[in-house]
Amino acid sequence: MNKLHIFGMMALAMVSFTSCEDDTDPKLQEPTEFVLNTPPFATQLYDLTPNGVIELTCSQPNYGLTLATTYGVEISMLEDFGANLPAPGEGEAPHAVTILPVNPQSAVIEIPESKIAEAICAMRGITSEEEYTEIPAHPLYVRALAHINNQPATKITSNTVTLTQVKGYCAFEAKVYDVIYTPGNSNGWSHGDSQQLLAYAEGKYRGFMFINGSFKFTPQPNWDSDWGAGATEGTLEVKGGDIAMPATGEGLYYAEVDVNALTYSLTYVSSVGAVGDFNGWAAATPAEMSNADNYLVWTITTDFTGGGFKFIFNGPTTEWKYNLGGTFDELVFDGDNLPDEAGSHTVTLDLRKIPYTATFE
């Protein structure tokens with residue numbers, strides 16, 4: 001047998017072998033079945049809340065391969081999701097809204113109730129708090145979505161499940177503000193004269209404020225919108241009533257506000273002091289500062305040794321929980337040590353505006 005014939009037979013065998021392998025390789029299939037299970041409480045009242053979560057479960061689409069599937073849900077107030085209506089034009093309310101779950105790679109789908117409330121407002125064409133009106137609980141139609149890496153051939157939609165009684169609330173995608181304002185009795189209800197609370201996380205604000213009566217929080221220096229007293233202490237409500245001064249009475253307070261969860265907390269500041277190399281960084285026994293102006297300007301004259309120092313609040317009871325450092329022109333929470341010089345110096349802390357500032361003279 002000549003060599004050319006042998007090589008030809010070998011090549012044919014290799015082609016045959018490769019073809020067999022190709023026939024047995026797993027292939028990505030177009031899924032044909034995808035089921036969203038009806039939750040056991042589908043007929044109950046879902047009274048949506050800012051922190052609630054609705055849990056749904058679905059089957060995993062069979063793609064012929066074990067691959068990471070991404071899930072989502074589409075919701076509508078229309079049973080056919082608007083299929084028989086013209087597509088909404090620019091600026092018009094959508095017929096349906098797609099929501100990404102908390103855990104998009106899980107067939108146990110967790111949907112934040114806040115996102116459902118936002119979607120209901122969008123489908124009702126409500127774009128501001130002033131436009132919002134309450135409506136009775138109503139059916140909401142839900143179907144699950146699945147795909148692999150957003151490939152069109154892998155996308156599949158489940159059956160529709162009906163949640164028969166869903167009650168929404170006034171909810172909009174959180175706007176980002178650098179600061180919020182604290183108009184109230186202590187500043188003549190003036191936004192411009194009120195203390196500001198600085199953003200430190202999405203929808204969360206913190207800072208110091210002087211309180212000697214009722215007040216509110218506002219996202220801008222006007223009354224277009226505000227957060228007032230909620231149903232229980234520590235909760236907020238859009239356009240709610242005036243928030244009462246805490247029982248601890250007039251003074252400086254450290255405030256934290258979460259405008260997404262609609263909650264707030266106020267901590268009475270019973271001690272403002274300086275602590276550093278000059279007193280051995282003893283947080284529990286700071287050099288106490290004196291109130292010079294409405295609990296927002298504080299001063300101390302004391303002997304420094306050179307090195308560094310910081311401002312501390314409620315040091316005797318909470319030590320380093322609340323402290324300011326950084327630079328004299330911009331004090332920040334948990335900031336770096338501030339420089340000092342040996343000798344007797346007067347230090348002034350100013351909490352009236354953001355950024356907080358200090359002088360060392």
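A residue is called buried under 20% relative accessible area, exposed over 50% and partly exposed in between, with a 1.4 Å probe and protein chains only. The legends below concern a predicted model, in which local features need pLDDT of at least 70, side-chain atom pairs count only at pLDDT 80 or more, and totals for chains, interfaces and linings use all residues. Residues are numbered from 1 along each chain as its sequence is written, and side-chain values use heavy atoms, with hydrogens and water left out.

View 1. Helices (H or I, at least four residues) and strands (E, at least two) are DSSP runs numbered from the N terminus. Of the 361 residues in the protein, 42% are buried. A contact means heavy atoms within 4.5 Å; among contacts between residues at least 6 apart in sequence, 64% join residues at least 24 apart. The protein exposes about 18800 Å², and carbon and sulfur atoms supply 52% of this area. Accessible areas come from the Shrake-Rupley method with a 1.4 Å probe, and for residues only the protein chains shown count as cover.

**View 2. An open sheet of five strands in the order β1-β7-β6-β3-β4.** The pairing in this sheet is mixed; two strands pair if DSSP finds at least two bridges between them. Its edge strands, β1 (45–47) and β4 (96–99), each pair on one side only. Neighbouring strands are turned by 40° against each other on average, direction ignored. Angles run from 0 to 180 degrees between N-to-C directions, and axes are lines fitted to C-alpha atoms, for helices over the stretch in contact. Strand β3 (residues 70–76) runs antiparallel to β4 and is joined to it by four bridges. Val 73 has Ile 99 of β4 as its bridge partner.

**View 3. Helix α2 (residues 113–123) packed on the five-stranded sheet.** Helix α2 touches β1, β3, β4, β6 and β7, and its direction makes about 155° with that of β4. Nine of the eleven residues of α2 are buried, so the helix is largely enclosed by the rest of the structure. The buried residues are Glu 113, Ser 114, Ile 116, Ala 117, Glu 118, Ala 119, Ile 120, Cys 121 and Met 123. An α-helix has 3.6 residues a turn, so residues three or four places apart point the same way. Just after α2, Gly 125 takes a positive phi of about 80°.

**View 4. Cysteines in a structure with zero disulfides.** A disulfide is counted when a pair of cysteine sulfur atoms lies within 2.5 Å. The cysteine sulfur closest to that of Cys 121 belongs to Cys 170, and at 5.5 Å it is too far for a bond. Cys 121 is buried, at 1% relative accessibility. Cys 58 is also buried, with a relative accessible area of 9%.

View 5. The side chain of Thr 154 reaches the backbone nitrogen of Ile 148 at 2.9 Å. Although Pro 61 and Thr 154 are 93 residues apart along the chain, their C-alpha atoms are separated by 9.3 Å. Not counting residues up to four places away in sequence, Pro 61 touches Pro 31, Glu 33, Phe 34, Thr 69, Tyr 71, Ala 146 and Ile 156.

**View 6. The hairpin of β13 and β14.** Strand β13 (residues 251–258) pairs with strand β14 (residues 263–268) in the antiparallel sense over six bridges. Asp 258 has Thr 263 of β14 as its bridge partner. Four residues lie between the strands, and Leu 262 takes a positive phi near 55°.

**View 7. An open antiparallel sheet of four strands in the order β17-β18-β23-β24.** At the edges stand β17 (290–293) and β24 (357–360), each with a single partner strand, so one side of each is left without a neighbour in the sheet. Neighbouring strands here are turned by 25° against each other on average, direction ignored. β17 and strand β18 (residues 297–304) pair in the antiparallel sense over three bridges. The bridge partner of Asn 291 in β18 is Trp 298.

How values were computed. Polar contact = N/O pair within 3.5 Å; in protein donor to acceptor, adjacent residues only side chain to side chain.
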